Amino acid sequence: MHRITKREYKLKVDSRTKTLADNTKNTLLKSINNSPGIRYRELLRATGFSNGVMAHHLKKLEKSKRFKVRRYNRKSTRFYPLSTPTKELRVIDYISRRTPIQIVMFLSQHDSRTFKDIVQFTKKARSTLSWHLSRLGQGGIISVTVGRNRVYRLKNRDLVIRVMKKIKS
């Protein structure tokens, strides 16, 4: 009968712990790659990890530069795959909510639309749409032509559509 020494036992436990840590890190990286621009809380829900476990492994992954991180005013943190170009990061930042996605999808299907058209399509309050449209304008996602009516259109249609496909998949 073979008895396991303390050293052998420690090696077995360490290798099991290392495997669990690798699985956790791989799960986090997969989630980040599948959802560019994912927020911390969304990542927490998607992976099912506890807050402490996820914070620990994200810190280690961030130190080893396995993904990109953007922090905004200590309120929001977003995680991106390393392969995400800077131009796409900006677009993702501005269209990662439901209402901006609706607006951008509508404008991608039409060359240009008035404020009234966008209100009718999204069925949102005018004040809500005004806020989102001005934010999209500040981000360089849409352009506004002021005349008799304000007319909105996408600035870089190809880039925005490419980013939308990445977000959806």
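In which helix does Asp93 lie? Asp93 is part of helix H4, which covers residues 86-94; helices (H or I, at least four residues) and strands (E, at least two) are DSSP runs, numbered from the N terminus. The model is predicted, so local features need pLDDT of at least 70 and side-chain atom pairs count only at pLDDT 80 or more, whereas totals for chains, interfaces and linings use all residues. Residues are numbered from 1 along each chain as its sequence is written, and side-chain values use heavy atoms, with hydrogens and water left out.

Asp93 counts as buried because its relative accessibility is 10% (buried means under 20% relative accessible area, exposed over 50%, partly exposed in between; 1.4 Å probe, protein chains only). The side chain of Asp93 forms a polar contact with the side chain of Arg70 at 2.6 Å. A polar contact is a pair of N or O atoms within 3.5 Å; within protein, one must be able to donate a hydrogen and the other to accept it, and residues adjacent in sequence count only if both atoms are side-chain atoms. With neighbours within four places in sequence left aside, Asp93 is in contact (heavy atoms within 4.5 Å) with Arg70, Tyr72, Arg78, Tyr80 and Arg135.

Because its relative accessibility is 63%, Lys65 counts as exposed. Lys123 counts as exposed because its relative accessibility is 72%.
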